[in-house]
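Please keep the sequence and the structure in view while reading.

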Amino acid sequence: MSPRSDSKLDQVKTEKLRLEFVEGYIDDGVRVFPTIDELIKKHDLPVKTAYKRSKDGDWQGQRNHFKSQYEAQRSIQRAKRKDWQETNTSGSTRSCNRGG
């Protein structure tokens with residue numbers, strides 16, 4: 001059953017809410033993953049409807065999948081950054097030692 005267009009939680013709002021729950025949002029450079037309760041308060045939503053939509057759409061499963069992919073990406077970026085720093089640090093150390 002699709003949501004009524006006049007309901008407080010229509011399809012557009014439902015999708016925005018889902019994205020905010022699943023992918024979180026950036027606050028001061030940090031990704032924040034709000035709870036359903038926090039989103040209900042923030043957007044003044046009907047509690048039962050929000051919980052039903054999140055359950056029916058498996059938002060928690062989607063969030064878990066997103067977070068695991070996000071963390072894997074961050075790990076790769078950290079490893080690349082570490083390799084780059086080690087390469088540049090060891091190269092500058094060698095130059096200083098040679099010139100000394």
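Just after α2, aspartate 44 takes a positive phi of about 50 degrees, where helices (H or I, at least four residues) and strands (E, at least two) are DSSP runs, numbered from the N terminus. The model is a predicted one, in which local features need pLDDT of at least 70 and side-chain atom pairs count only at pLDDT 80 or more, while totals for chains, interfaces and linings use all residues. Residues are numbered from 1 along each chain as its sequence is written, and side-chain values use heavy atoms, with hydrogens and water left out.

Aspartate 44 lies in the loop between α2 and α3 (47-56), and aspartate 28 also has a positive phi although it is not a glycine. Aspartate 28 is placed in the loop between β1 (25-27) and β2 (30-32). Accessibility is described as buried under 20% relative accessible area, exposed over 50% and partly exposed in between (1.4 Å probe, protein chains only).

| Residue | Phi | Relative accessibility |
|---|---|---|
| Aspartate 28 | about 55 degrees | 76%, exposed |
| Aspartate 44 | near 50 degrees | 52%, exposed |

In helix α2 (residues 36-43), the buried residues are Ile36, Leu39 and Ile40. Because these cover an arc of only 105 degrees around the axis, they lie on the same side of α2, the arc being that of the directions from the helix axis to the C-beta atoms. The face turned away from this buried side carries the exposed residues Lys41 and Lys42.

Threonine 14, in helix α1 (residues 11-23), counts as buried at 13% relative accessibility. Leaving aside neighbours within four places in sequence, threonine 14 is in contact with Leu9, Arg53 and Trp59, contact meaning heavy atoms within 4.5 Å.
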